[in-house]
Amino acid sequence: MAPHPTCHNPKSVMPEPTSNTGGNTPSPTIALLSTTLDTAYLLPAFQQTFPNARLILGGRAQTEADLGPLDAIDMVVCWKPQAGLMQRMPGLRLIQSIGAGVDHITDDASLPSVPVCRIVDPDMASGMTAYVCWAVTHHQRAMHSYLQSQRDAAWQQQAVIPASSHRVGIAGLGALGTHCARALAAIGYAVRGWSRSPKTEPMPGVDCFYGPDQLGDFLAGCDTLICLLPLTAETHGILDARLFAQLPHGAHLINVGRGDHLVEADLLQALDSGQLAAATLDAFSTEPLPTSHAFWRHPHITVTPHIATRTSPAAIARQARLNYEAVLADRQPPGLVDTARGY
């Protein structure tokens, strides 16, 4: 789940693109689109990876008029593109997300019938794992209290609770969730995971649950709940009052999925009632988070600006080229997603 969002399967091995010099170099017209980002940060990497391409900026600083003729665009590389825009590109061959998620693309009801690809970046699993381990430990070991003690110049110790006594649940056992689960189990936490369908590979040290019928049992054993689900019609708004009520009293929520997983008013109510003790949030329905938003100043919410993990521009450009070369050769692109499932 971002300003420069990321990654997916740490086990995936992406092939190398063909040489970026010589007669085989693709020469498409590529539009770098976003309604929320300045896409200029992608230019150097795409200039190197597609030296013969025509690159068009279509970020938050540009207007549709800056794109020129829409029928000349062969590929869109995007994060939260303008709805309805790509439907008016008759020559479009590929839509490339700059992150692992594609919900920001598939939300467009007028999306044309062309391949949609995500980023598959092995390096980004480590970034997500580092963030999640920090967020769990920061709360479980009461680090927020130590930060306040330092500001107060107070030598005050908090109770040290063994990691094995703290139950961490991960909703979403895809590549990122699996990587995080294994790391947390290695630290010593009691780890459980939930997915919408059974996992085909065993996960030593992780208690696995799946499907709607097992969700309640999963939630009942989560002192910390981590959301790493893909955003689909079924998971939109899943972090709501009904779900919070099934967690142990005083649980900690970590959302590193998508902002639209969360019903914000329900979270504030759960924190104010004590049903939840804390929330660590890295993804939001509106980004950047408005300065007037209640989350910024809530004493039990930690806000980070969608930085849990990132993909480098070079990796985005390299995978965009791999996917585009596959389309030109009538092969399935390595990063192709099932738009009906949303991942």
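Reader: How many salt bridges does the structure hold?

Author: A salt bridge is a side-chain nitrogen of Lys or Arg within 4 Å of a carboxyl oxygen of Asp or Glu. Side chains of opposite charge can pair when their charged atoms come close. By that criterion, the number of salt bridges in the structure is 4.

Reader: On what basis are such values given?

Author: The model is predicted, so local features need pLDDT of at least 70 and side-chain atom pairs count only at pLDDT 80 or more, while totals for chains, interfaces and linings use all residues. Residues are numbered from 1 along each chain as its sequence is written, and side-chain values use heavy atoms, leaving out hydrogens and water.

Reader: Which residue forms a salt bridge with Asp103, and where is that residue placed?

Author: The closest N and O atoms of this pair are 2.9 Å apart. The pair links distant parts of the chain, 155 residues apart, with Asp103 in helix H2 (residues 103-106); helices (H or I, at least four residues) and strands (E, at least two) are DSSP runs, numbered from the N terminus. The partner lies in the loop between strand E10 (251-255) and helix H8 (264-273), and the partner is Arg258.

Reader: Are Asp103 and Arg258 buried or exposed?

Author: Buried means under 20% relative accessible area, exposed over 50%, and partly exposed in between (1.4 Å probe, protein chains only). On this scale, Asp103 and Arg258 are both buried.

Reader: Arg167 forms a salt bridge with Asp223; what is the relative accessible area of Asp223?

Author: The closest N and O atoms of Arg167 and Asp223 are 3.0 Å apart. Arg167 belongs to strand E6 (residues 167-171), and Asp223 to the loop between helix H6 (211-220) and strand E9 (224-227). Arg167 is partly exposed at 32%, whereas Asp223 is buried, its relative accessible area being 18%.

Reader: Why are Arg321 and Glu325 separated by about one helical turn?

Author: Their side chains meet in a salt bridge of 2.8 Å, N to O. Arg321 is buried with a relative accessible area of 1%, and Glu325 is buried with 13%. The separation is about one helical turn because the two residues are 4 residues apart in helix H9 (residues 313-328).

Reader: What share of the residues in the protein chain is buried?

Author: The protein chain has 9 helices and 12 strands. Of its 343 residues, the buried share is 51%.
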